[in-house]
Amino acid sequence: MKSIIIKSENGLHARPASLIVNTCQQFTSEIFLVKDGNKANARSIMNLMAMGIVTGDKITIEAIGEDAEAAEIAIFEIIEGAN
Amino acid sequence: MLKGLFKKTVQLSAPMVGQIIRLEEVPDEVFSGKMIGEGFAVNPASGQVVSPVDGEIIQIFPTKHAIGIKTKEGLEILIHVGIDTVELKGQGFEAFIEKGSQVKAGDLLLEVDKAYVEAQGKSMITPIVFTNPQNYKSIDVNYGESSGIVCEVKV
């Protein structure tokens, strides 16, 4: 589990969300983003974008599976890169 | 009756009146590069957004600029009104449905203040994208002036 605060002015919108979805395809783990207890499947662009993640939100990345740790790091880096 | 059961095509009418254009022409690489999925776009003449299909509203974004609809065939359709309109934070957008609403093709979803959006320097070009690529095979779009069925999706 990894947490990050969103600093990007437009939150987690279409661009970073599509990067996350595409990156998830490299992994077999189940990957989720969690905000205020709401969990979104990181493989679904619709679910990610609809979380309405905005500046200042704290997001937790949760992956379950064999490559969970690598997946969490990869997704963390995307969000950090967009921040 | 059986024919209906085995129907493998989802037909979409235009969600907005205007010109149907290629996704590649959308001035945002997320859509033009098909990073989210296949689809088409409307360069709208007005700000009224109606449902292109019968289905369920699976998402309405907090900023009301985008809506997700799922058809009974399992096709997920994202209607993203305008480009970079997330930055307007809901200003100029009024929603007439909520998450979980059942809609019919032609039902009013959103009323968008087109003049306001454009005055903020945002394009009103609206991509319509199929976000679950594993659930459809191909799409066929009627480009040009919107009328009748503008897109058929093989599922």
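This is a predicted model: local features need pLDDT of at least 70, side-chain atom pairs count only at pLDDT 80 or more; totals for chains, interfaces and linings use all residues.
Local features rest on pLDDT of at least 70 and side-chain atom pairs on pLDDT 80 or more, whereas totals for chains, interfaces and linings use all residues. Residues are numbered from 1 along each chain as its sequence is written, and chains are lettered from A in the order in which they are written.

**Sheet in chain B**

In chain B, an open sheet is built from three strands in the order S1-S14-S12, with antiparallel pairing. Strands are DSSP runs of E with at least two residues, and helices are runs of H or I with at least four, numbered from the N terminus; two strands pair if DSSP finds at least two bridges between them. Because S1 and S12 of chain B each have a single partner strand, they stand at the edges, and one side of each lacks a neighbour in the sheet. S12(B) is joined to S14(B) by four bridges, and B:Val141 has B:Cys151 in S14(B) as its bridge partner.

| Strand | Residues |
|---|---|
| S1(B) | 9-13 |
| S12(B) | 138-141 |
| S14(B) | 149-154 |

**Helix pair in chain A**

Helix H1(A), residues 14-24, packs against helix H3(A), residues 68-82, at about 160 degrees with the axes 10 Å apart. Axes are lines fitted to C-alpha atoms over the stretch in contact, and angles run from 0 to 180 degrees between N-to-C directions. The two helices are therefore roughly antiparallel, a term for angles over 145 degrees.

Key
Angles under 35 degrees count as roughly parallel, over 145 as roughly antiparallel, 65 to 115 as roughly perpendicular and the rest as oblique.
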